[in-house]
Structures are given as C-alpha cells and as structure tokens.
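Visitor: I am new to this structure and would like to learn how to read it. Could you take me through some features one by one?

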Amino acid sequence: MTDEPARPDGTASGPVVVRSRDELFAARSALGDGDVAVVMTMGALHEGHATLIQTARAAHANVIVTIFLNPLQFGPKEDLSLYPRTFDGDLRICSDAGVDLVFAPTPDVIYPDGDPAVRVSAGPLGDVLEGQSRPGHFDGMLTVVAKLMHLTRCDAAYFGQKDAQQLLLIRRMCRDLDFPVRVVAVPTVREPDGLAMSSRNTYLTESDRETAACLSAALRAGAAAAADGPSAVRRAARAVLVREPLALVDYLVLVHPDTLVDVPEWYRGEALLAVAGRVGTTRLIDNLPLLLGPGGSALEVLTVA
Ligand code: AMP
C-alpha cells in the first residue's frame with residue numbers, strides 16, 4: 001500500500017479527498033493530462049454548486065473542488081460559527097458530478113502563520129454594495145481565491161453569477177494582477193419560485209421563505225421593464241419590494257456591470273439589477289443581468305470583453 005490520499009467511503013470511485021498542502025500537491029501532480037478547472041466553495045453544497053461543477057466537468061479534463069470556510073471573509077458579527085457544515089453530503093454531490101479531487105483544508109493549512117499580513121485589496125469596487133455592509137469581506141475573499149488559484153495551479157475557475165460583485169472582483173484581480181486563469185461565469189440556479197439557491201437559505205423559516213421570494217420577483221419585474229430604460233426598471237422592481245414590508249431591503253440598484261455605478265437614464269446596454277435585504281435574521285442577495293433598450297430583457301450572465 002502507498003500512502004495515497006483517501007477516497008470517500010473507501011470506494012475506488014469518487015474524488016480523491018485531501019486536506020493538507022502536501023497531499024494536494026501530490027494529488028494535483030497525479031491528475032491526468034489536460035487542463036484543470038477549479039470550483040471554489042464554502043461547503044453546504046446545493047444544486048447551484050453542482051451546476052458549477054457540471055459545467056466545469058463538461059469543459060475540462062480535470063476538476064478540483066475546494067471546500068473551505070474562509071474566516072478572513074467573515075466579519076466579527078457574521079455567521080461563521082453558524083454556517084452550515086454538511087461535508088458527507090458535499091462529497092456525495094462531488095462524487096455524482098465526477099469531481100477528480102476535493103481539497104478541504106482547515107484554516108491553519110491555508111493560513112499557517114495566522115492571519116496574513118499581506119492581502120489582496122479589492123480597492124474601491126470592494127467598498128460599495130456588499131462591501132458597504134461587509135467591510136473587509138472582499139479583501140478576505142480575494143486573498144483566499146488568489147491562494148487557492150496558486151495552490152491548485154488551475155487553468156480555469158468557475159464562479160456563480162449569483163455573487164455578481166465577487167465575480168467582477170475576481171475577474172479584475174486576474175486581469176489587473178496577471179493571473180493566468182480563465183474565469184468562467186455560471187448562471188444563477190433558482191428554486192421553482194425564483195429564490196436564488198444559497199447555503200444560507202437553510203436559515204430561513206417557512207414564513208421567511210415566502211417573504212424571500214419577493215427579492216427575485218422584484219428582479220423579474222425590473223427585467224420586464226428593460227426595454228423602457230433605467231427608471232422604468234427601478235420603478236417596477238421597487239413596486240414589488242414595497243408590497244413586502246417583512247423584507248428589510250438594504251439596497252436595490254441598477255448599475256453598470258464594470259463600475260457598479262448607477263446607470264444614468266440615457267444608458268442603454270448591459271446593466272446589473274442587484275438587491276440585498278434581510279429576511280428574518282438572514283441577509284440575502286440576488287441579481288439579474290439585464291440588457292437595457294429596445295428588445296431589452298434579462299440575460300443569463302454578463303457578456304465580458
Ligand atoms: P459559496 O459556497 O456560497 O461560497 O459559493 C461557491 C460558488 O458557488 C460561488 O462561485 C457562488 O457564486 C456559486 N453559487 C452559489 N449559489 C449559486 C447559485 N444559486 N447558482 C449558481 N452559482 C451559485
């Protein structure tokens with residue numbers, strides 16, 4: 001017997017599961033020929049994550065999934081200790097989706113010297129929208145994404161449109177700092193009533209769950225007005241949210257997808273309609289990329305130059 005990394009359930013199929021850097025490097029070197037795609041997650045996997053993995057699986061020779069609850073991107077009053085942990089189920093989803101390698105480190109593996117003194121800075125794009133209520137969140141997120149890109153030596157990385165500001169910042173990091181990684185966006189996977197799937201949806205009570213549907217309903221209403229320009233979109237989306245006082249809206253914005261600045265009334269082209277709010281004790285975010293102007297509509301993902 002060699003000290004080959006463990007497979008879940010001791011089976012011969014399913015992903016190789018590794019936890020340390022040395023195990024990762026050995027398993028990474030043992031992957032087959034061809035390119036490597038990575039899907040980075042915080043665990044508590046659902047159909048949204050599965051879709052990212054399947055999309056990567058269809059396009060790349062090798063697929064790595066990382067499962068890491070990154071303390072650096074949680075604020076002191078956020079839900080790190082409560083965040084759902086479902087490792088066995090996560091491995092089943094990875095196995096069903098044909099993942100080759102799962103890297104599931106603990107914080108001391110990723111940050112062996114404690115909190116890193118040097119971090120990636122998101123800059124001004126990290127201070128708006130989500131950054132306004134989550135100071136430091138995007139620096140922590142980018143820092144771990146950079147480290148995981150280096151550690152996995154990936155050629156491509158798949159991220160959900162669901163976290164639009166995160167996706168934009170990762171694209172900017174790769175472009176601005178010359179990471180040799182192709183960033184691929186995957187459309188948001190939704191529940192039948194439109195609610196964007198999220199690991200945090202498990203916090204919602206039954207009545208929260210009904211209230212939460214207003215966020216995606218507002219986005220759809222806004223999209224239906226996309227042909228009529230920005231103020232029509234904002235008006236239509238706001239009209240849905242005001243009918244649901246139990247959703248405490250943090251922001252509803254229609255912004256340029258590259259700058260996250262509100263689009264002016266004359267603007268036509270791609271824009272991002274984004275919403276964040278609290279339902280019960282849970283903060284939820286959602287967005288819909290839109291094409292504004294004649295024939296305007298919702299888009300699955302933004303077109304990126
Ligand atoms: P998380 O585990 O929440 O950090 O998410 C890991 C990745 O899955 C990120 O790229 C997310 O944008 C993506 N993701 C989360 N929820 C969804 C969803 N409902 N549809 C598509 N992608 C998602």
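Predicted model: local features only at pLDDT ≥ 70, side-chain atom pairs only at ≥ 80, totals over all residues.

Visitor: Which residues in H1 and H6 meet?

Guide: From H1 come Arg21, Leu24, Phe25 and Arg28, and they meet Lys147, Leu151 and Thr152 in H6. Sorted by class, this contact of H1 with H6 holds three nonpolar, one polar and three charged residues.

Visitor: At what angle do H6 and H7 cross?

Guide: Helix H6 (residues 137–152) and helix H7 (residues 164–176) cross at roughly 55 degrees, and their axes come within 10 Å. That makes H6 oblique to H7. As for handedness, H6 passes H7 in a right-handed crossing.

Visitor: And which residues in H6 and H7 meet?

Guide: On the H6 side you will find Phe138, Met141, Leu142, Val145, Ala146 and Met149; on the H7 side, Gln165, Gln166, Leu169, Ile170, Met173 and Cys174. The contact of H6 with H7 has ten nonpolar residues, two polar ones and no charged ones.

Visitor: How do H8 and H9 pack?

Guide: Use the angle and the distance again. Helix H8 (residues 206–224) and helix H9 (residues 230–242) have axes 7 Å apart, at an angle of about 155 degrees. That makes H8 roughly antiparallel to H9, since the cut-off for this word is an angle over 145 degrees. The crossing of H8 past H9 is right-handed.

Visitor: What do H8 and H9 bring to their contact?

Guide: Cys214, Leu215, Ala217, Ala218, Ala221 and Gly222 in H8 meet Val233, Ala236, Ala237, Val240 and Leu241 in H9. Ten of these residues are nonpolar, one is polar and none is charged.

Visitor: Now for the whole chain: into which domains is the protein chain divided?

Guide: There is domain 1 (16–186) and there is domain 2 (199–293). Taken over C-alpha atoms, their centres are separated by 26 Å. Domain 1 gives 21 residues to the contact, and domain 2 gives 17 residues.

Visitor: How much area do domain 1 and domain 2 bury between them?

Guide: The size of an interface is often given as the accessible area lost when the parts come together. Here domain 1 and domain 2 bury about 1600 Å² between them, with 53% of it on carbon and sulfur atoms. Of the area that domain 1 buries against domain 2, Leu129, Glu130 and Lys162 supply 34%, more than any other three residues.

Conventions
Residues numbered from 1 in each chain as written. Heavy atoms only, no water. Axes fitted to C-alpha atoms, helices over the stretch in contact; angles between N-to-C directions. Helix = DSSP H or I, 4+ residues; strand = E, 2+ residues; numbered from the N terminus. Parallel < 35°, antiparallel > 145°, perpendicular 65-115°, else oblique. Left-handed = near helix turned anticlockwise from the far one by under 90°. Contact = heavy atoms within 4.5 Å. Nonpolar A, V, L, I, M, F, W, Y, C, P; charged D, E, K, R; others polar. Domains from an automatic or database assignment. Buried area = accessible area lost by both parts, 1.4 Å probe.
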